Structures are given as structure tokens and as C-alpha cells.
Amino acid sequence: MPSNFTIHYTERLVPLTRLQLSTQTKPTSDDGALKSTYAILHGSPSEASVQESINFLRLFPVREDKLGLQSDSEELVFYNAIIRKTIFNMYALAVDLYLEESSAAQLDAEWWANIEQSTWSVAMYLLQSLPSRICRVLQLIQTRKISVRLSAFHPSSIARSYRDAAPIRLNPFTVALFPYLRDQPSAVASFSLVTVGKSMRPDSFVTLTEELRDGVVYSIQRVISLLLFPLRLSQEECQLRRKELEKVRDERAEVLGKILELRPLLANGLGADFNVSTTGSSIDNEALTGFLFKFVVVTSGDPSQKAVLPLIEQVLGAFKSHGIIHDAYLEAHDLRRPSRLTLLWPQLFLLPPLMLYCAKHIYASRATLAELILDGANTVQHFFKDWLFDPIKDVLITIRAGGEDGVIVRREAVAAEFDSLERMSLALAREKLSYDSTQLEALSQHIRQGDLTAVLKIYEEDIKYPVKSAISGTLLRSMFIQVQKAKLLKSQELTFAFVGVAPALAVIYVAGRILGGLLSTRFGRYGRKLRKTSAWLAMRRIERLLLFQPKLHHRHNAETVHSDTIPALTTGLLVLSLAHLREYALTSLPARSRLREGFLEDIEDLEDPALSRSEKLRIIDRMWKSWGKELGWYKLASSRSNR
């Protein structure tokens with residue numbers, strides 16, 4: 001089935017492939033032929049439908065050396081309609097074929113690039129591919145009947161190879177372990193360590209110490225180089241496969257770009273033939289003929305014949321052989337990523353014993369684990385009850401205007417209580433301490449700030465002689481002031497209740513943010529973080545392609561064309577990224593939303609081959625301004641890689 005990009009890119013041409021019968025057309029076909037024609041015209045593009053169309057066209061006794069022959073015969077109208085549909089299907093198949101191959105090559109190249117950039121990933125890949133490498137070595141031993149001598153593992157033999165200048169000489173076993181060395185020279189295998197030269201100074205204790213130190217350093221470097229040698233070869237293998245896949249991607253993308261540039265010519269040809277089909281006149285459709293010849297040149301080389309039907313058969317045969325050659329090339333150079341079984345066998349191998357060990361350990365510690373789980377559940381229960389629900393309940397009781405233990409908290413009531421406390425304190429200070437107006441004004445300011453030091457000193461003196469102070473002193477008055485102060489503190493109970501519940505709310509808030517961050521990483525808005533990152537990288541590639549024109553690997557000496565036109569290779573590479581963005585919009589952005597509709601409109605503008613390079617750069621700038629913040633592209637640019 002064609003991809004979303006192919007369907008969208010060719011949907012405007014579909015009406016031009018439909019059957020149109022004019023009133024002047026003479027019916028000469030039976031119902032069976034008419035039903036077969038409608039079935040062919042309404043089928044989706046595929047190799048089977050093209051082959052069916054070719055078989056159906058062979059039944060028409062018309063001149064196949066001319067395209068678009070028109071007359072008042074119904075057979076010729078059917079013939080031209082099927083020709084249009086067949087050519088359209090071939091075009092859609094070509095777009096889908098080269099888009100699929102270049103996209104697959106790009107995805108595989110990105111996979112090898114991720115492995116190449118991480119030493120841990122390279123080591124893991126070496127472990128995952130170790131069984132296949134050992135199988136190749138065993139096949140080599142069986143095929144060449146090589147005898148493996150145990151003397152090769154003798155310490156003296158190992159020491160001899162250890163003292164050599166080169167780390168390891170490439171032998172058939174090394175080539176079997178790393179097949180790319182058969183055709184590609186290795187930069188890793190050709191390096192050598194800097195050997196330590198002998199000192200020209202006479203023998204002395206210092207000289208012997210330096211030689212001993214240099215020997216130890218050289219030995220350590222030698223051991224490290226021998227241990228890292230397989231990793232470096234594996235990293236070089238990933239690098240070469242990435243470069244080879246990028247070469248394949250560029251070749252397929254260039255052909256794809258040339259095919260996409262033929263769409264206006266195809267639209268003109270289909271439109272001319274479609275309009276002529278309803279008139280009944282006899283005209284040769286030169287536009288459609290010219291498109292077919294150019295299409296054959298792009299996809300299968302020089303045209304072998306001038307007749308329409310043989311040209312279509314030539315293109316179909318070229319598609320089939322191209323697919324076989326492409327798959328054979330990837331298999332011969334081992335460019336595809338390893339199978340899932342190859343990548344998962346270490347986990348599958350280690351999983352059963354680990355599960356058995358964990359199950360045994362869990363069963364032996366079942367009492368401790370049960371107690372731990374019970375303690376954890378009790379801790380969570382008491383946390384929510386004692387630190388969250390009960391304090392919230394106290395807050396609700398406090399702010400309730402009524403009830404047995406409730407306190408009516410109003411601003412006027414608090415002000416009246418405070419004024420009463422101030423009057424009582426000032427009166428006591430005036431009588432007991434003989435304060436003048438200035439001192440009373442200062443005491444009033446202190447009371448408003450919550451400082452009752454003067455009153456507390458009177459109270460402290462009175463409680464030294466409680467009976468005497470109660471009868472003749474001011475103990476009762478100072479006690480009443482303390483009661484009034486307690487009432488004011490009671491009025492602030494709401495504040496204290498909120499202070500009590502604040503820690504629990506803070507803990508729940510932090511835990512919720514952490515949990516939300518973890519869930520947003522997996523099930524984030526507008527797709528997972530990995531999908532948003534891939535869309536951001538596609539946007540960056542599109543802008544870079546428009547700014548810097550890429551060149552094919554076999555055209556290193558080609559001059560860069562500084563113009564506003566977009567060459568075929570750039571067009572093909574742009575389509576790869578645009579197809580990825582379209583897939584992201586259709587699967588991750590909310591349906592029937594302005595975001596999705598506007599995003600797809602911008603992608604459609606970038607797909608328009610009539611727009612120049614500068615116009616598409618302006619569209620890219622508009623997309624960054626319109627969707628960059630909403631889709632989180634600015635945050636992704638500063639985040640760490642997950643490789």
C-alpha cells in the first residue's frame with residue numbers, strides 16, 4: 001500500500017485518471033469489459049494492478065505506437081483511460097519505491113550512527129554479534145580445513161605477539177570476525193605504539209629507573225591497545241556501514257527528486273489526455289508521451305522502444321529487478337541492522353538465571369519483604385491521615401463560622417480583641433509603672449508589634465508573692481491580660497493550621513511533579529520525547545539542506561551551484577524529512593486541531609516544487625516561530641541525548 005506521502009502527493013492527479021464518456025462515444029463494449037475497466041481504474045497503485053492493466057491492454061486491437069489516440073469508439077476511450085491510470089500507478093509506485101528505500105537507508109544509517117558514538121553501545125553490539133562472528137570463524141576452519149594449534153596459546157607465543165610493533169596482524173580469522181576488512185583497509189589495524197628508544201647515556205641508576213618506568217608505561221599501553229582493539233574494529237565497522245548507507249540514501253534520494261520534478265509534466269499530460277477523451281477528436285498526446293519517455297530514462301535507463309505498452313513493461317521489469325538488486329546489495333555488504341533476536345539474545349540468555357535467582361532470594365526473604373511492605377503501607381497511610389487529611393479537617397473546622405469548637409474568625413472581632421488588650425496593658429502600665437504619655441505611646445507601639453515585655457515583667461513580679469498580689473496587687477489584672485493574649489492566639493489558629501498542612505502539600509506537589517515528568521517522558525503531549533526529538537531533527541535537516549546543497553559521494557569534484565533553484569538530490573532528501581514530519585503530524589498531533597492543520601499546511605508548502613529555496617527558508621522560519629514553542633523544540637535543543 002502506498003505511503004501517506006505518496007497518497008498526498010498524487011491525490012490531485014487521481015481525478016485525471018477517471019473514465020469520462022461523452023455523448024458522442026459509440027458503445028461497443030460488453031458489460032464484462034466495462035466492469036473490468038472500472039475495477040482497474042479504481043484500484044490502488046501496486047505491481048499487481050499494473051500487471052493486470054498490461055494484460056488488459058493487450059486485448060485491445062489498437063495502434064500501440066501512439067499514445068492518446070482518440071475516436072468515437074468506446075474501446076479507444078477505455079484504452080486511453082487505462083493508459084492514464086497505468087502511467088499514474090507507475091509514477092506512484094516509483095515515488096513509493098524510492099522513498100521507502102531511501103527512508104529505510106536513512107533510518108539504518110541513524111541506527112549505526114547511534115551505536116558508533118557510544119563506546120558502551122559498541123561493546124554491546126560486539127557482544128550481540130559475537131555468535132555470528134564465531135560461526136563465520138568455524139565455517140572458515142571447516143572450509144579451509146585450518147588446524148588450530150595449541151602452541152599458539154602458549155605464553156611464549158602470546159608474549160611474542162605482545163612485543164610486536166603492530167598490535168595485531170590481519171589474518172583470515174580477523175577478517176572472518178570483521179568481514180569489512182576484506183574490501184576496506186582499516187585505519188585501526190595499521191597504527192602502532194611509539195616504541196621506547198634506548199638511552200645514549202652511560203648506564204646509571206637514573207637511566208635504569210627511566211627505562212623501567214618507560215617499560216611499564218609501554219606495557220600498560222600495549223595491554224590497553226590489545227583489549228580495545230576489537231572495540232575499535234567494531235566502531236570502524238559501524239562507521240563504514242553508516243557511510244555506505246548514506247551513499248545508498250543519497251543515490252535513491254536523487255532519483256526520487258528527479259521523479260518528483262516530473263509531476264507537473266505528468267499533470268499536464270493527464271489533463272490534456274483527459275480533456276481530449278471527452279471530445280471525440282483524434283489527437284496524439286505529446287505531453288504524456290514526453291513524460292513517459294523522461295520517466296523511463298530516470299527509472300530504467302534509455303527507452304528500448306517507442307511504443308507505449310512495451311515502455312510500461314520495461315519500467316515494471318526495471319522496478320522488479322531494482323528491488324532484487326537493492327536487497328542483494330544490502331545483504332552482501334551486511335548493511336541492515338541486526339535482527340531483534342540478535343539484539344536480544346544476551347538478555348534472553350541472562351534473564352532465566354536472573355529470574356530464578358531473584359525468585360529464590362525473594363522466597364527466602366519473604367518475611368522481611370512482607371514486613372517491609374507492611375511498614376511502607378502504614379507509613380503512607382499515616383502520612384495521608386496525620387499529615388494531610390487531619391490538618392485539612394482542622395483547617396475546615398477553624399474557618400467554619402459556628403460549631404462547638406469552631407471559632408468565628410473575622411477581621412472586626414480580631415481588631416476589637418487587640419484594642420482591648422492594648423487598653424488593658426496601657427492602664428496597668430500607667431497605674432503600676434507610672435508611665436507618662438511618651439512612654440505610653442512607645443508601649444502602644446510595642447504592643448502593636450506583639451511586644452508585651454513591660455506587662456510580663458509586672459506579671460513576673462506578682463507571681464513571686466501570689467497571695468499578697470492577688471489581694472492587694474495587680475496579679476488578677478495581669479492574668480486577665482494573659483487570657484486576652486491567648487484569645488488572640490486562638491484567633492490565629494487558621495494560620496497555624498495552614499502551617500501544619502503545608503509540609504504534606506509540598507511533599508505531594510514534588511512527588512506529583514516527579515511522577516508527571518516520568519509519565520510525560522513516556523506518554524507526553526504531542527507524542528513521546530523520542531518522537532518530538534526526531535521531528536526536531538527533521539526540521540533541522542530541512543533547514544540545513546536548504547542552506548547547504550549536498551553532493552553525492554561520487555561527485556566530490558563537482559562545483560557547488562549557488563542559485564535559488566533546488567537540485568534533485570536536495571529535493572529527494574527534503575522529501576525524506578518532510579515525509580517524516582507528515583507522519584509525525586498524522587500520528588502525534590491532535591486530530592481536527594488548528595495545530596495539526598497549520599502544521600500540515602506548512603509541510604504541503606515545503607513539498608511544492610514550484611517554490612524556490614528562499615521561499616522555503618521563509619516557510620521554515622515561520623514554522624519555528626509558530627510551532628517551536630508549542631511542540632517544545634527549544635527545550636529539546638538544550639536537553640541531553642539518550643544515546
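This tour goes through selected helices, salt bridges and one surface patch of a predicted model.

Local features need pLDDT of at least 70 and side-chain atom pairs count only at pLDDT 80 or more, while totals for chains, interfaces and linings use all residues. Residues are numbered from 1 along each chain as its sequence is written, and side-chain values use heavy atoms, with hydrogens and water left out.

**Stop 1: helix H21**

Select residues 529–547, which form helix H21. Helices here are DSSP runs (H or I, at least four residues), numbered from the N terminus. H21 has 19 residues and reaches 27 Å from first C-alpha to last. That is close to the 27 Å expected at 1.5 Å a residue, the expected span being 1.5 Å times one less than the number of residues.

Now color its buried residues: Lys-532, Ala-535, Trp-536, Ala-538, Met-539, Ile-542, Leu-545 and Leu-546. Buried means under 20% relative accessible area, exposed over 50%, and partly exposed in between (1.4 Å probe, protein chains only).

**Stop 2: from H21 to H4**

Stay on H21 and pick Arg-541. Its side chain meets that of Glu-110 in a salt bridge (3.3 Å, N to O). A salt bridge is a side-chain nitrogen of Lys or Arg within 4 Å of a carboxyl oxygen of Asp or Glu. Glu-110 sits in helix H4, 431 residues from Arg-541. Glu-110 is partly exposed at 30% relative accessibility. Arg-541 is partly exposed too, at 24%.

**Stop 3: from H4 to H9**

Next, select Glu-101 and Arg-252. Their closest N and O atoms are 3.1 Å apart in a salt bridge. Glu-101 lies in helix H4 (residues 74–116) and Arg-252 in helix H9, so the pair ties together parts 151 residues apart in sequence. Both Glu-101 and Arg-252 are buried.

**Stop 4**

Helix H9 covers residues 205–261 and includes Ile-224. Select Ile-224 with Leu-212, Val-216, Ile-220, Val-223, Leu-227 and Leu-228: together they make a nonpolar surface patch of about 620 Å². Ile-224 itself is partly exposed, at 42% relative accessible area.

**Stop 5: Arg-12 and Glu-604**

Jump to Arg-12. A salt bridge joins Arg-12 to Glu-604, with the closest N and O atoms 2.6 Å apart. Arg-12 is in the loop between helix H1 (4–10) and helix H2 (31–41), and Glu-604 is in helix H23 (residues 594–607), so the pair ties together parts 592 residues apart in sequence. Arg-12 is exposed, at 60%. Glu-604 is partly exposed, at 28%.

**Last stop: a network**

Finish with Arg-133, Glu-237, Arg-241 and Asp-334, which salt bridges link in a network. The structure holds 17 salt bridges.

Notes: Patch = residues over 30% accessible without salt bridge, like charges linked within 9 Å, V, L, I, M, F, W, Y side chains within 5 Å. Areas by Shrake-Rupley, 256 points an atom, 1.4 Å probe, with all protein chains shown as cover. Helix = DSSP H or I, 4+ residues; strand = E, 2+ residues; numbered from the N terminus.
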